[in-house]
Amino acid sequence: MHEWKVLLVDDEEEFVTTLAERLRLRGIPVRTSTDGEEALRMIETDPPQVVVLDVLMPGLGGLEVLKRIKADFRKVKVILLTGQGSTWDGIQGMRMGVFDYLMKPLNINELIEKIREAMNAYGED
Amino acid sequence: MAIPDWLKKLNLLHMPEEGGVHDRYRILRRNMIILMILITLIPLLLMAFVNYHEYRSALKDEILNPLRVLVNKTKHSFELFLAERLSTVSFISSAYTFEELANENTLNHIFRVMKREFRGFVDIGLIDAKGIQISYVGPYDLKGKDYSEQSWFHEAQVRGSYISDVFMGYRKFPHIVIAVQHRTTTGQTWVLRATVDTEKFDDLIASMGLDTESDAFLLNRSGVFQTPSKFYGDVLEQFPLNLPPVSYEANVLELIDTKGRDVFMAYAYFIHPAYILAVVKPRTDVLRTWYTLKSELAIVFLISVVVIILVIFKLSDLLIRRIRESDEKREAAFREIQHTHKLSSIGRLAAGVAHEINNPMAIVNEKAGLMKDLIEYSADFPDKPKFTALVDAILQSVQRCRSITHRLLGFARRMEIQIEVLDLNDVIKETVTFLEKEALYRNLDLRLELDDDLPRIASDRGQLQQVFLNILNNAFAAVEDGGMVAVTTWEKDLDTVAASIADNGTGMSEETLKHIFEPFFTTKGGKGTGLGLPITYGIIKKLGGDIEVQSKEGKGTTMTVYLPKKPKETVGG
């Protein structure tokens, strides 16, 4: 089992900080970012295994960030969060190599399950 | 040409927009009929009117001409008769001397010859210049009578001859007097006077060959009958009608006689004596041909009118029905477009709202989740169960919001349709498995009557599951515990398969039925989103199918879904 290295990206600070705290409570170390640019810099300095990424963000949008990650850090698994709930985002994301997608509001257990699956997939690569 | 007010009020060419739909077509139909009747019947009426008058005048001339000819002919006969008598008297007064005529023997001889050669002479007498009757042959004893004061004597002296009006004389027969003055070269004058009975007048009138309804008679200029009339009076009585205007040529008048009959009176004035010959014929008689023709004309006219009106009514009905049908088709298409438009704008709005709500809801979710975590992870939290319950309540509410926003988004999303060849029975069986637990729990009679030979169709499995799940959910909601829901499939025709979901639940009112496919219309109170059936409807339409609902309050509802075996070209856009 690898060391948990998860990056949580969402423009709603309240959302990311609270979610990060809940994940940490469950023993999953998480870093957070509220901005696409910042997230990319963080990935560059210390690549995580899993990125949980919100689709709709001001500035650099989720899909754009996803594209850069897939271009530069092929191994990183991305779980897409869609506020839109639109399957279109999901399908688009799937085409772009996203690992999976979830709809907000989240079920914490479902998220942890997905993260676990992504970690395993990361390990198998 | 000024348009009359009543025509303006009718406003025939205006298509009324206001008023009930029914009224609108009724008024349009009325206007059409009036307009068509006007433009067809006015020329027809004009033609009929012109024809009627043309025919009438032509026929009248043709019928009345013989009457004129007859009057002229008879008038000539009368004139000839009188002229003959006048000539005879004139000849005698010229051929004999005063002395010869004054001799009663000679006069008697002459009178006998006259009576033999010419009919109608009754007596003859010689009157001298002083007006004294010198000699007389006849049935009366008039010798020596003084005529000097009598007007006919003066007239005969002034004009040379005189023919009297008819008078009742000897043996109570009508007579006329003919008097001729003679002047010798020596200046001696005398008057020869003869009386003629008018039997010959009756013969002349009888020779006209008139029918029983017709009448002919002679009048003098004061309107006194000179011959008896069948209908208007006897000899010497007064003619009861006004005398016709003077005309020496035969002329015809139309008038109403004393018996109230419409008659033609053909007449001619004599120059000398001052008689009027008149023939009276009833119009009905004269114009019998015309009346026959007229009634034929009227029948043809009436039949034409009836046929025209019938055709107009039929035609108008047909036209109005066509217009109405095409209007209704247009309206239906318009409603369809409007409905689609409404759905799509509501969809966009719903998506926006759902998204905006989802983000704060996610925060609430995480915050409450964290609270729960903190309560659970701390061993000695005061009132732990109460707080746990409170947080759970918050989380449940978030969950409810989540399901609502997700359905809203589901309604709005434009998913690509993924067509695959599938067995509709399989799709239904799969969908039913989601609900089997509920059916069991509520003791529902869930019947599957699926056609084993149902052909496979090309459609979208996921979307169809959504459709049947929605309809089955509604059916389950409608029935009481222990109720029945039956799913049936069959092949409708070469291009279509059908699936119906019938329940014996509460059913829907007419009013509800009208709205079930409208977004946000719900009968489930707070529990429903009002999006289930609009989504269902949208999906079925997108798949090229159709949905039909039959429902009776208290009896149950049957929803039938028709799906094409092959999707239409437009599907998948």
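Helix α2 (residues 21-95) of chain B contains B:Met36. In this predicted model, B:Met36 touches B:Ile312, B:Leu315 and B:Ser316, leaving aside residues up to four places away in sequence.

Helix α11 (residues 461-478) of chain B and helix α13 (residues 532-542) of chain B have axes that come within 9 Å and cross at roughly 145°. The crossing of α11(B) past α13(B) is left-handed. On the side of α11(B), the contact is made by B:Gln463, B:Gln466, B:Val467, B:Asn470, B:Ile471 and B:Asn474. The residues of α13(B) that they meet are B:Gly532, B:Leu533, B:Ile535, B:Thr536, B:Ile539, B:Ile540 and B:Lys542. By class, the residues of this contact comprise six nonpolar, six polar and one charged.

Chain B also packs against chain A. Chain B contributes 22 residues to the contact and chain A contributes 20 residues. About 2,200 Å² of area is buried between chain B and chain A, and carbon and sulfur atoms give 56% of that area. Four salt bridges are found across the interface of chain B and chain A. For the complex, the predictor gives an ipTM of 0.87 and a pTM of 0.43.

Side chains of opposite charge can pair when their charged atoms come close. Over all chains, the search of the whole structure finds 29 salt bridges. The table sets out two examples.

| Salt bridge | Closest N to O distance |
|---|---|
| B:Arg159 and B:Glu155 | 3.3 Å |

The peptide bond from A:Lys104 to A:Pro105 is cis, with omega near -10°. A:Pro105 belongs to the loop between β5 (100-103) and α5 (108-124) of chain A. In chain B, B:Leu236 is a residue other than glycine with a positive phi, near 75°. The loop that holds B:Leu236 runs between β7 (215-220) and β8 (251-256) of chain B.

Confidence may be considered last. The average pLDDT of chain B is 84, and 90% of its residues score at least 70. Among the elements of chain B, strand β15 (residues 496-503) has the highest mean pLDDT, 94, whereas helix α1 (residues 5-10) has the lowest, 59. Where pLDDT is low, the predicted coordinates should not be read in detail.

Definitions and conventions
Residues are numbered from 1 along each chain as its sequence is written. Chains are lettered from A and ligands numbered from 1 in the order in which they are written. This is a predicted model: local features need pLDDT of at least 70, side-chain atom pairs count only at pLDDT 80 or more; totals for chains, interfaces and linings use all residues. Side-chain values use heavy atoms; hydrogens and water are left out. pLDDT is the predictor's confidence in each residue, from 0 to 100. Helices (H or I, at least four residues) and strands (E, at least two) are DSSP runs, numbered from the N terminus. Axes are lines fitted to C-alpha atoms, for helices over the stretch in contact, and angles run from 0 to 180 degrees between N-to-C directions. A crossing is left-handed if the near helix is turned anticlockwise from the far one by less than a right angle, and right-handed if clockwise. Contact means heavy atoms within 4.5 Å. Ala, Val, Leu, Ile, Met, Phe, Trp, Tyr, Cys and Pro count as nonpolar, Asp, Glu, Lys and Arg as charged, and the others, Gly among them, as polar. Buried area is the accessible area (1.4 Å probe) that two parts lose on being put together, summed over both. A salt bridge is a side-chain nitrogen of Lys or Arg within 4 Å of a carboxyl oxygen of Asp or Glu.
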